[in-house]
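Student: I am new to this structure and would like to go through it by question and answer. Please show it to me before we start.

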Amino acid sequence: MTVDVDVLVIGGGNAALCAALMAREAGASVLLLEAAPREWRGGNSAHTRNLRCMHDAPQDVLTEAYSEEEFWQDLLKVTGGQTDEALARLTIRASSNCRDWMRRHGVHFQPSLSGTLHLSRTNAFFMGGGKALVNAYYRSAEQLGVQIRYSAPVDRLELKDGHFVAAYIGDERITAKTCVLAAGGFESNREWLREAWGQNERGEWPSDNFAIRGTRFNRGVLLKELMQAGADMIGDPTQAHMVAIDARAPLYDGGICTRIDCVSLGVVVNREGRRFYDEGEDFWPKRYAIWGRLVAQQPGQVGYSIIDAKAAGRFMPPVFPGTRADTLPDLAQKLGLDVPTFMQTLNDYNAACRVGTFDHTVLDDCHTEDLLPAKTHWARPVDKGPFYGYALKPGVTFTYLGLKTDETTAVRFGGVSSDNLFVAGEMMAGNVLGKGYTAGVGMSIGTAFGRIAGVQSAQAAMKSGVHHAAA
Ligand SMILES: Cc1cc2nc3c(=O)[nH]c(=O)nc-3n(C[C@H](O)[C@H](O)[C@H](O)COP(=O)(O)OP(=O)(O)OC[C@H]3O[C@@H](n4cnc5c(N)ncnc54)[C@H](O)[C@@H]3O)c2cc1C
């Protein structure tokens, strides 16, 4: 069977939906192929909570102002300069005027959630989270006549000299005048993660112990295809956004509620009962994304976040309660840690604490002395029961390897832009975000480039001859 439309959109998350909606609004017939079944639709976008927005003055749910320059400086800092300034600024500017369009398609916003990452100035939160956002977009797309197919994983593309010809789902061939690739990263491809992370000096394959925080359907099939077809790539396959999450989290789709946010309030030890990094290095929102990688480097890819009664109520509560004990040796035993080593670590830490004025909202003066590794802020003895421990493992949010593109979102082959193949979302986010992360920018990138890809693909389809009326 051959299906033929103007614009084929491959993927079913935020970037794909933005592209499909814009292409349809521009008058093209659109078919969207989502690998997941309907009940799991929406990719990682369904797990999101907010988008980072530039604004010059307070706006409905956004407080104060967040200028283009400040947003740009934030991006520059977190990426260490691994960003394309023109594309970054395009994203930033687009974030200032996309929300009216989003509202028209049924997305609602709410003020930032309190007690988490203090984002009321910079980030607009989705009412009902990312799940409500993708549901609204799917509803709007259906109403506009976008054809949607679920359980439709594209496994192969037919290209001719950088020109898109057809996509395949098994033996089924789907042709279209133009195509938008918006199929996410490759974080759910365990073989590829293994290849990227390799084997460590202990003979372990660290990635075997990673959980994937989002969808199981982002397997990077098309990224690999495009790589092999000679498309220009950007980013490093070993770079991924990784967070320390509850070791009890499921292998896929644990989402936001499996994050353990009490690291900076206590100490973290490894399987051998030893500390391995400064838990108080910087504010948690700036530092939470390094802990996935730190835990990945420990034996067995496991860590244990240990707190005492003083930390209770000061962090976003995880979905499962921690292991609780009235004494530290009991806690060590319950966690399966060697009690003497654990107690040595805790006693050394407690003795090294120099407590000044504890204040979790500033880089306070509570620190350790003559201890390696040091804890440079918020260091208070862990000495008031009951005590709690959370086993941690690395949770991959998304990978950074992607397709190189420009402000038209065209896929490039040897520096030459394809005339009918476009890319949006995580598949190209590495152009803006070479490494690091600042909360909410994933959705800003996907929305900006998804919308452009929709317009570009529709225009290219209209230019190329016979226009297929929408079904
Ligand atoms: C737990 C969690 C929380 C997050 N919170 C935020 C947040 O609050 N704010 C923020 O900005 N970012 C957040 N992110 C990152 C954010 O999810 C991504 O940046 C964004 O969703 C990327 O959108 P996308 O459309 O490119 O990819 P996705 O939403 O992942 O969509 C990819 C889609 O492609 C489909 N697909 C994959 N392969 C194929 C194939 N071969 N054929 C057909 N379809 C295919 C998948 O099924 C999926 O529908 C979070 C991520 C996670 C995991």
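Student: Which residues of α10 and α11 meet?
Tutor: This is a predicted model, in which local features need pLDDT of at least 70, side-chain atom pairs count only at pLDDT 80 or more, and totals for chains, interfaces and linings use all residues. Residues are numbered from 1 along each chain as its sequence is written. Two residues are in contact if their C-beta atoms, placed from the backbone, lie within 7 Å. By that rule V339, F342, M343 and L346 in α11 meet, on the α10 side, L328, P329, A332 and Q333.

Student: How many residues of the contact of α10 with α11 are nonpolar?
Tutor: Ala, Val, Leu, Ile, Met, Phe, Trp, Tyr, Cys and Pro count as nonpolar, Asp, Glu, Lys and Arg as charged, and the others, Gly among them, as polar. The contact of α10 with α11 has no charged residues and one polar residue. The nonpolar residues number seven.

Student: Are α10 and α11 parallel or oblique to each other?
Tutor: Helices (H or I, at least four residues) and strands (E, at least two) are DSSP runs, numbered from the N terminus. Axes are lines fitted to C-alpha atoms, for helices over the stretch in contact, and angles run from 0 to 180 degrees between N-to-C directions; the axes of α10 (residues 328-335) and α11 (residues 339-352) come within 9 Å and cross at roughly 130 degrees. Angles under 35 degrees count as roughly parallel, over 145 as roughly antiparallel, 65 to 115 as roughly perpendicular and the rest as oblique. The two helices are therefore oblique.

Student: Is the crossing of α10 and α11 left-handed or right-handed?
Tutor: A crossing is left-handed if the near helix is turned anticlockwise from the far one by less than a right angle, and right-handed if clockwise. For α10 and α11 the crossing is right-handed.

Student: At what angle do α1 and α5 pack, and are they parallel or oblique?
Tutor: The axes of α1 and helix α5 (residues 129-144) are 10 Å apart, and the packing angle is about 25 degrees. That angle makes α1 and α5 roughly parallel.

Student: Which residues of α5 does α1 meet?
Tutor: The crossing of α1 and α5 is left-handed. From α1, the residues N14, L17, A20, L21 and R24 take part. The residues they meet in α5 are V134, Y137, Y138, S140, A141 and L144.

Student: How many charged residues are in the contact of α1 with α12?
Tutor: The axes of α1 and α12 come within 7 Å and cross at roughly 35 degrees, and the crossing is right-handed. Residues in this contact include A16 and A20 of α1, and G446 and G450 of α12. The contact divides into 13 nonpolar residues, six polar and, as for charged residues, one.

Student: Which helix supplies the largest share of the shell around the ligand?
Tutor: A residue is near a molecule or strand if its C-beta atom, placed from the backbone, lies within 6 Å of it. Of the 44 residues around the ligand, G13, G43, G214, G425 and G442 come nearest. At least two shell residues each come from α1 (14-25), β3 (50-52), α7 (221-228), β18 (387-399) and α12 (441-463). The largest share, four residues, comes from α12.

Student: What distance separates the centres of domain 1 and domain 2?
Tutor: Domain bounds come from an automatic or database domain assignment. Domain 1 covers 2-185 + 220-235 + 400-463, and domain 2 covers 242-395. Taken over C-alpha atoms, their centres are separated by 36 Å.
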